[in-house]
Amino acid sequence: MDLDIGSSVVDGRTVVQVVGEIDVYTAPQLRERLDQEIEAGRHDLVVDLSGVSFMDSTGLGVLVGRLKQIRLKDGSMKLVCAHDRVLKVFVITGLDKVFAIYPTVGEAVAAG
């Protein structure tokens with residue numbers, strides 16, 4: 001399955017919308033897009049995974065790597081995760097304690 005990635009600005013915060021499945025084949029697309037946002041000086045990102053139906057460890061690795069980059073620049077990365085299947089991956093790996101995860105984009109943006 002393909003991965004569609006777009007971005008928008010909501011209340012001054014960059015929101016990266018991801019739709020599809022994040023796996024070993026599509027994770028490089030996500031990595032490239034997030035790197036572009038970071039290199040453009042956007043260090044407070046909301047990554048909207050509500051349109052993601054599947055994510056494997058490759059996708060988790062991309063998100064963890066980008067989170068580390070952003071933290072080095074005193075930024076933040078919040079995730080929006082609506083699917084139990086994807087959220088379960090974060091819980092099982094303990095990454096739900098590392099990432100700030102919200103049910104909606106509005107809540108993630110409002111969290112500052």
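Q: Given that a residue is buried under 20% relative accessible area, exposed over 50% and partly exposed in between (1.4 Å probe, protein chains only), why is lysine 97 called exposed?
A: Lysine 97 has a relative accessible area of 70%, which is over the 50% limit, and therefore it is called exposed. This is a predicted model, in which local features need pLDDT of at least 70 and side-chain atom pairs count only at pLDDT 80 or more, while totals for chains, interfaces and linings use all residues. Residues are numbered from 1 along each chain as its sequence is written, and side-chain values use heavy atoms, with hydrogens and water left out.

Q: What makes the contact between lysine 97 and aspartate 96 a salt bridge?
A: The closest N and O atoms of lysine 97 and aspartate 96 are 3.3 Å apart, and the term asks for a side-chain nitrogen of Lys or Arg within 4 Å of a carboxyl oxygen of Asp or Glu, so the pair qualifies. Aspartate 96, at 24% relative accessibility, counts as partly exposed.

Q: How many salt bridges does the structure hold, and which residues do those that share partners join into one network?
A: There are four salt bridges, and those with shared partners join Arg33, Glu37 and Arg42 into one network. In the bridge between arginine 33 and glutamate 37, the closest N and O atoms are 3.4 Å apart. Both residues lie in helix 1, four residues apart, so about one helical turn separates them; helices are DSSP runs of H or I with at least four residues, strands are runs of E with at least two, and both are numbered from the N terminus. Arginine 33 is partly exposed at 21%, whereas glutamate 37 is buried at 4%.

Q: Which parts of the chain does the salt bridge between aspartate 35 and arginine 66 tie together?
A: The side chains of aspartate 35 and arginine 66 meet with an N to O distance of 2.7 Å. Aspartate 35 belongs to helix 1 and arginine 66 to helix 2 (residues 57–72), so the bridge ties together parts that are 31 residues apart in sequence. Aspartate 35 and arginine 66 are both buried.

Q: Why is the pair of phenylalanine 90 and phenylalanine 99 called edge-to-face?
A: The ring centres of phenylalanine 90 and phenylalanine 99 are 5.9 Å apart and the planes stand at 80 degrees.

Q: How do you know whether leucine 30 is buried or exposed, and which residues is leucine 30 in contact with beyond its neighbours within four places in sequence?
A: Leucine 30, found in helix 1 (residues 27–39), has 0% relative accessibility and therefore counts as buried. Beyond those neighbours, leucine 30 is in contact (heavy atoms within 4.5 Å) with Leu3, Ile5, Val18, Ile22, Val62 and Leu63.

Q: Why are strand 1 and strand 5 placed at the edges of the sheet?
A: Five strands form an open, mixed sheet in the order 1-2-3-4-5, where two strands pair if DSSP finds at least two bridges between them. Strand 1 (3–10) and strand 5 (100–102) each have a single partner strand, so one side of each is left without a neighbour in the sheet.

Terms used
Phe/Tyr/Trp six-rings, centres within 6.5 Å; stacked < 30°, edge-to-face > 60°.
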